[in-house]
Amino acid sequence: MFTSGMSSVRHSLLTLTLACGCALPAGAQSLTTVSITDPAYGIKAFDINIPAGWKFEGTVLPGPECSRIPMPVFRAYSADGLTEMRLLPAFNWTFHPGLKGFRPVSGCLAYTGPMSAEDFLKHYVEMVASNGMHVVGPMAVGAPYQQRVAGVAQNMNRIAPNVHGSADAAAVRVETVNGTFIIEQRLRAYVECRITTSGPDTNGGGCSAHVDVERAPKGKLDALCALVDAHDLVRTPHDDAWLQRVQQALAQRAREDQVRLTRQEQAGQAMLKKQFDDFMASSQRNHEAFMAQQESSFRSSMNNANAAMNARTTAASDWVDYALDQQTVVGQGGLAKVSSSYTHTWSSTVGNQTQWFQTNDPNANPNGALSGNWTEDTKVHGNGQSN
């Protein structure tokens, strides 16, 4: 196969309780229920309805610093792998226009304000689009899905009188090519935003975007979407025992954060007093040694922080590659995103044009069989770091 050139406002736990408890409407396709286990606690977290006979993969990911609520992710797909539905990790960001020098925390997007679902999908398509992706136009989101989104906003507005919550949904149809197949996809998202209307954090807030993807061979997407919409199949009802564990863990983490902040403040005050006492009572030599020790501690802390941030970024980029059925390689054409269906990728560059050859045959070598000078690319992490 060839391809060519390519602070902190938290979610309310009430958002997780929006799922309708009503029975699934009748349909031509029989359904089965599968469960997602949270690896953090080893207990069932969510029940998902999928078409009978489909395969399923799912897990629970921890939320980023700007929204610590754990998030379910899954993919369910037919036996031939051409028809599937996915729930992607939530995208989160916070904004504080009145806070000078505000920067997004690790794992959160750098958007500076609220955004509609339609605008977010435009950004998302730009972020994941590869050669051959064609945007066809908008699609319906489905009535049960729309009702859930409306419930999200209602729940947020019940939380606090000085918080305004909003939520809307949008969907777009795109087409991609998979070998000889033209694959249609519906990219659907709802975006929920919370904005503080009074107090010291006025106009500050945060948003979360929740994306699900339905894909099928051309001509079959509408039937798949009708099935998904009739039963609201991307709905993820939570397990009550799991939710209780999450609430307890988040409460404990909040207490630990408060204790840590208090200790940091006390340590800072003690350090300032010690510095003053040393300056008044010690020689210049002792003072210089103290400053050298502070510099060493600072460098060590920065190195540890950079290493931790690197690890989180690498894991997130690998999940995005997995969610999009792609892998990242480096070779003659630099970093490239290619299909993950093959174990070996070769590249050849002539002028400004780079071509890739992919195969599962470890002994295959396009040199001599194809024009150009081919070298085998090296697989790396999704952010370009070496494995």
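Me: Is T176 buried or exposed?
Reply: In this predicted model, T176 has a relative accessibility of 15% and therefore counts as buried, since buried means under 20% relative accessible area.

Me: And where is T176 in the fold, and what is it in contact with?
Reply: T176 belongs to strand 9, which covers residues 163–178, and, leaving aside its neighbours within four places in sequence, it is in contact with G132, M133, F181, I182, I183 and Q185. With Q185 there is also a polar contact of 3.4 Å between the two side chains.

Me: Switching to aromatics, how many aromatic pairs are there?
Reply: The count comes to ten aromatic pairs, and one of them is F120 with Y124, a stacked pair at 6.4 Å centre to centre with 25 degrees between the planes.

Me: How far apart are F120 and Y124 in helix 1?
Reply: They are four residues apart in helix 1 (residues 117–128), which means that about one helical turn separates them. F120 is buried, with a relative accessible area of 1%, and Y124 is buried too, at 3%.

Me: What about F357 and W374, how are their rings arranged?
Reply: Their centres are 6.5 Å apart and their planes stand at 75 degrees, so the pair is edge-to-face. Because F357 lies in strand 15 and W374 in the loop between strand 15 and strand 16, the pair ties together parts that are 17 residues apart in sequence.

Me: Last one, which ring does the charged end of R188 sit over?
Reply: The charged end of R188 sits over the ring of Y145, 3.8 Å from its centre, while R75 lies over the face of Y77, at 4.1 Å from the ring centre.

Technical notes. Residues are numbered from 1 along each chain as its sequence is written. This is a predicted model: local features need pLDDT of at least 70, side-chain atom pairs count only at pLDDT 80 or more; totals for chains, interfaces and linings use all residues. Side-chain values use heavy atoms; hydrogens and water are left out. Helices (H or I, at least four residues) and strands (E, at least two) are DSSP runs, numbered from the N terminus. Buried means under 20% relative accessible area, exposed over 50%, partly exposed in between (1.4 Å probe, protein chains only). A polar contact is a pair of N or O atoms within 3.5 Å; within protein, one must be able to donate a hydrogen and the other to accept it, and residues adjacent in sequence count only if both atoms are side-chain atoms. Contact means heavy atoms within 4.5 Å. Rings of Phe, Tyr and Trp (its six-membered ring) pair if their centres lie within 6.5 Å; planes under 30 degrees apart count as stacked, over 60 as edge-to-face and the rest as tilted. A charge sits over a ring if NZ of Lys or CZ of Arg is within 6 Å of the ring centre and within 35 degrees of the ring normal.
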